[in-house]
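Here are my notes for a first look at this model. Please read them with the structure open.

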Amino acid sequence: MLADQQLLDDVLGAPGARQRRAMAKAITLLESTREDHRLRADALLHGLLPHSGRAFRLGLSGVPGVGKSTFIEALGLWLIARGHRVAVLAVDPSSSVSGGSILGDKTRMEQLSVHERAFIRPSPSSGTLGGVAEKTRESMLVVEAAGHDIVIVETVGVGQSETAVAGMTDMFVLMQLPNAGDDLQAIKKGVMELADLVVINKADLDEDAAMRARAQITSALRLLGQHGHGDPAEQDAAPWQPQVMQLSALKAQGLEDFWALVEAFRQKQAGSGRLAARRQQQNTAWMWERIDAGLRAAFRGHARVRHALPQVLQQVDAGQLLPSVAARRLLREMGLEQPAEPVGCSTTTTSVNTTR
Ligand code: GDP
């Protein structure tokens with residue numbers, strides 16, 4: 001019998017506060033770096049897996065101050081009023097540097113965080129982006145198994161974390177300020193391409209600016225190659241066209257329109273089988289990403305590699321040794337022959353980046 005059977009049962013079906021405590025405990029267990037905790041967490045997740053996967057996973061990104069927590073609070077309460085249970089998770093790699101997370105903080109969502117139909121968990125506060133993202137993916141299984149049918153994963157609009165969040169959610173929403181359209185250079189092309197929906201927040205401050213931003217971002221998306229499909233007969237089969245809308249999180253205006261777009265996206269993706277395909281690709285990418293990370297850690301920790309590394313590095317730095325030859329030499333130290341065609345890293349990168 002599972003060592004944490006009680007914990008599993010409590011996550012799956014304990015009433016109210018007891019279930020929330022169990023979820024928090026389960027997530028703390030899977031965030032632990034202790035080997036025995038890892039084994040227990042794996043067993044627990046195995047038990048939770050059949051009960052997970054039924055939620056809709058919504059990714060949300062935007063620079064600090066754009067209004068993410070205001071929006072999540074308003075949307076979360078709006079969804080709860082319509083019978084949903086909402087979980088909020090965060091991916092914030094900067095938290096491992098600062099020691100504190102700027103995302104998913106309970107004080108940022110005062111009403112939602114105390115609501116019994118909501119669960120908010122800040123970003124894991126240590127580890128590489130890959131490690132932080134993995135914990136969030138696993139936490140997602142916990143909150144889904146506990147019956148939350150909407151999971152919002154938020155991240156800051158800096159660095160690679162957006163790719164990670166787009167790679168673990170069904171729909172990726174990018175939040176912008178009304179003046180964003182004035183300086184399209186500021187909008188990173190790569191991130192724009194990830195967006196299924198761009199939301200211009202704080203429309204209450206300057207309606208005209210928000211309209212302008214909307215028009216500019218819409219044409220920027222078109223320039224990125226997201227062309228519409230003219231033939232109505234092909235509409236169902238055609239991929240989703242990223243949308244742009246404006247709202248005011250502070251005034252809770254535009255939530256209905258926002259959710260209507262989410263539902264439209266969801267129906268289109270589910271109907272065409274793209275939702276299932278996207279999740280399958282994400283799972284495969286997750287596995288390869290972890291294999292990659294595991295191999296890298298094993299390589300760096302290998303005694304013979306560690307012994308040989310300084311000298312090899314020195315030779316590479318001095319231009320005496322070709323980097324590729326150095327890599328092969330070090331891999332041999334680990335007992336690995338590098339295959340003629342490197343498959344590991346390149347496969348991983350490709351699959352992580354093509355999650356749709
Ligand atoms: P986050 O860092 O992205 O989570 O941003 P916050 O939700 O903390 O919001 C940053 C600031 O913008 C706060 O002072 C909010 O009250 C304000 N804010 C958020 N949404 C709106 C909005 O729709 N209109 C206006 N006028 N202010 C907003």
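1. The shell around the ligand consists of six nonpolar, six polar and four charged residues. Here Ala, Val, Leu, Ile, Met, Phe, Trp, Tyr, Cys and Pro count as nonpolar, Asp, Glu, Lys and Arg as charged, and the others, Gly among them, as polar. In all, 16 residues surround the ligand, a residue being near if one of its heavy atoms lies within 4 Å. The closest are G65, K68, T70, R108 and D204.

2. The model is predicted: local features need pLDDT of at least 70, side-chain atom pairs count only at pLDDT 80 or more, and totals for chains, interfaces and linings use all residues. Residues are numbered from 1 along each chain as its sequence is written, and side-chain values use heavy atoms, leaving out hydrogens and water.

3. The side chain of T70 has an N or O atom 2.5 Å from a ligand oxygen. For G65, a backbone N or O atom lies 2.7 Å from a ligand oxygen; for V66, the backbone distance is 3.4 Å.

4. Helix α4 (residues 68-81) packs against helix α11 (residues 255-272) at about 75°, with axes 11 Å apart. The two are therefore roughly perpendicular, a label for angles of 65 to 115 degrees. Contact (heavy atoms within 4.5 Å) involves F71, A74, L75, W78 and L79 of α4 and L255, E256, F258 and W259 of α11. Eight of these residues are nonpolar, none polar and one charged.

Technical notes
Axes are lines fitted to C-alpha atoms, for helices over the stretch in contact, and angles run from 0 to 180 degrees between N-to-C directions. Helices (H or I, at least four residues) and strands (E, at least two) are DSSP runs, numbered from the N terminus. Angles under 35 degrees count as roughly parallel, over 145 as roughly antiparallel, 65 to 115 as roughly perpendicular and the rest as oblique. A polar contact is a pair of N or O atoms within 3.5 Å; within protein, one must be able to donate a hydrogen and the other to accept it, and residues adjacent in sequence count only if both atoms are side-chain atoms.
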